[in-house]
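Let's take a walk through this protein together, from strands to a helix and on to the aromatic rings. Keep the viewer open as you read.

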Amino acid sequence: MKVIILGSGTIGSVIASLLSGRNETERLLVADRNLEAARNLAQKLPRGSAEAAKVDAGRVDEMARIFKDFDLVVNVVLPRFNLKIMEACLQAGVHYTDAATDLALAREKPGEPVNAPPEKLQLDLDPAFRDAGLTGLLGMGADPGLTNVLARLGAGRLDTVDEILVRDGDNGYVEGFEFASLWSPDTLIEEVLMPALAFRGGQFVRLGSLEGEETFDFPAPVGALTVYNVDHEETNTLPLFIGKGLKDMDFKIALSKDLADALRVFQKFGLHRGDLIDVEVKATGETARVAPRDVLTALMPNPREVEGKARGQACLAVVVRGTKGGKKDGWRLWCTLDHQECYRRYGCSATSYPVGALLAVGALMLARGEISRKGVFPPEALDPAPFLRHLPDFGIPVEERRLT
């Protein structure tokens with residue numbers, strides 16, 4: 001298969017390292033708006049295994065012209081470009097996969113009715129992809145991605161499904177920093193402070209920012225952590241694809257109470273905003289246009305620069321409850337990775353690695369014909385068994401326990 005990786009950041013680097021030189025990868029192109037960044041990544045790979053190109057994800061015609069010589073586009077740029085990239089894939093006749101959707105498209109305030117989740121805009125391209133004989137696999141990373149596969153696995157063992165809980169926990173820390181994010185600080189602030197989508201009583205609802213505080217017992221060695229509702233892709237799609245009478249579903253992420261409190265203060269002052277404002281620079285008397293959120297993120301360490309210093313473990317856990325044979329039943333399924341071990345083996349943290357690894361797994365399954373469904377859909381629309389067979393080869397351990 002001829003593959004384009006659109007985006008040369010940390011996730012793109014993981015995907016490229018896992019796909020380069022494989023028998024299934026006939027051709028590999030690393031593409032980015034920054035040509036130098038794309039070239040730097042291509043040069044780190046085995047000689048001759050990858051090319052580099054400059055591609056602007058905002059230009060559909062330009063992308064379609066470049067895509068036409070390939071079979072699959074793996075999109076790991078900012079989600080706001082997803083629809084344009086998918087349109088370019090349709091024009092070029094190539095398959096598509098990504099790691100996230102544009103959650104910022106949601107406009108409902110807490111308590112207002114939700115007619116459709118934001119990911120529906122991508123799912124609405126299903127007929128066009130099917131008519132073109134193309135596959136559009138959405139949210140094929142870690143969370144979403146692996147979490148969706150685990151939810152489908154647990155739901156498949158039950159006759160009815162009452163609730164699905166997705167929990168993201170990390171007890172890690174970075175030496176020398178009071179707080180450091182191992183993923184985009186910009187995305188962290190935006191995502192955590194968005195009104196969170198949840199599924200309650202068979203309906204989508206919008207909750208306020210950082211609601212639903214509770215302690216969740218992650219499997220050892222992560223342990224008990226405080227989690228909060230945040231907006232996330234799993235809640236966009238699991239209620240639409242799992243079936244079996246699913247009534248309740250939500251996503252919560254672990255945050256320290258200090259960070260949660262700080263983010264609430266940032267929100268009250270408008271420091272979370274991403275739009276440009278005029279700021280008078282007292283030292284020079286000049287006026288600068290900046291986004292308040294950019295000031296916050298500029299004061300935080302760059303995730304790429306601190307990944308090797310991270311200690312601790314990250315865990316993705318999925319709880320599925322329902323009935324089997326007329327009796328209450330359920331499963332807890334999870335994956336735990338150690339930050340230092342991931343860095344030693346793959347050169348990145350346990351936050352970044354599984355995102356790229358699952359995208360690589362999806363690409364290889366498409367190349368092998370193990371994913372043959374056409375149209376646009378999330379991972380839970382597929383049989384989880386083929387995914388699970390490949391995960392050990394990529395160092396992704398899945399554990400499970402029946403709930404009694």
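First, some housekeeping. This is a predicted model, in which local features need pLDDT of at least 70 and side-chain atom pairs count only at pLDDT 80 or more, while totals for chains, interfaces and linings use all residues. Residues are numbered from 1 along each chain as its sequence is written, and side-chain values use heavy atoms, with hydrogens and water left out.

Let's begin with strand 17, residues 313-324. Helices (H or I, at least four residues) and strands (E, at least two) are DSSP runs, numbered from the N terminus. Strand 7 (residues 160-170) runs antiparallel to strand 17 and is joined to it by 10 bridges; here Asp170 stands opposite Ala314. Strand 18 (residues 327-338) is also antiparallel to strand 17, with 12 bridges between them, and Gly322 faces Asp329 across that pairing. Strands 17 and 18 form a hairpin with two residues between them, and Gly325 in the turn has a positive phi of about 60°.

A second hairpin is made by strand 14 and strand 15, with four residues between them. Its turn holds Gly285, with a positive phi of about 80°. Five bridges join strand 14 (residues 277-281) to strand 15 (residues 286-290) in an antiparallel arrangement, and Glu280 stands opposite Thr287.

Now turn to helix 10, residues 257-269. Its 13 residues reach 19 Å from the first C-alpha to the last, close to the 18 Å expected; the expected span is 1.5 Å times one less than the number of residues. Which residues of helix 10 are buried? They are Leu259, Ala260 and Leu263. Seen down the axis, the buried residues of helix 10 fall within an arc of 100°, so they line one face of the helix; the arc is that of the directions from the helix axis to the C-beta atoms. These buried residues pack against helix 8 (185-193) and strand 12 (223-229), contact meaning heavy atoms within 4.5 Å. On the face turned away from the buried side, helix 10 carries the exposed residues Asp258, Lys268 and Phe269. Gly270 follows the helix, with a positive phi near 80°.

Finally, the rings. Rings of Phe, Tyr and Trp (its six-membered ring) pair if their centres lie within 6.5 Å; planes under 30 degrees apart count as stacked, over 60 as edge-to-face and the rest as tilted. By this rule there are three aromatic pairs. In one of them, the ring centres of Phe199 and Phe204 are 5.1 Å apart and the planes are at 65°, so the pair is edge-to-face. Phe199 is buried at 6% relative accessible area, and Phe204 is buried at 13%. Tyr346 and Tyr353 form a stacked pair, 3.7 Å centre to centre with 5° between the planes. Tyr353 is buried at 1%, whereas Tyr346 is partly exposed at 25%.

Charges also meet rings: a charge sits over a ring if NZ of Lys or CZ of Arg is within 6 Å of the ring centre and within 35 degrees of the ring normal. Arg157 lies over the face of Trp331, 4.3 Å from the ring centre, and the charged end of Arg373 sits over the ring of Phe377, 4.8 Å from its centre.

Conventions
Buried means under 20% relative accessible area, exposed over 50%, partly exposed in between (1.4 Å probe, protein chains only). Two strands pair if DSSP finds at least two bridges between them.
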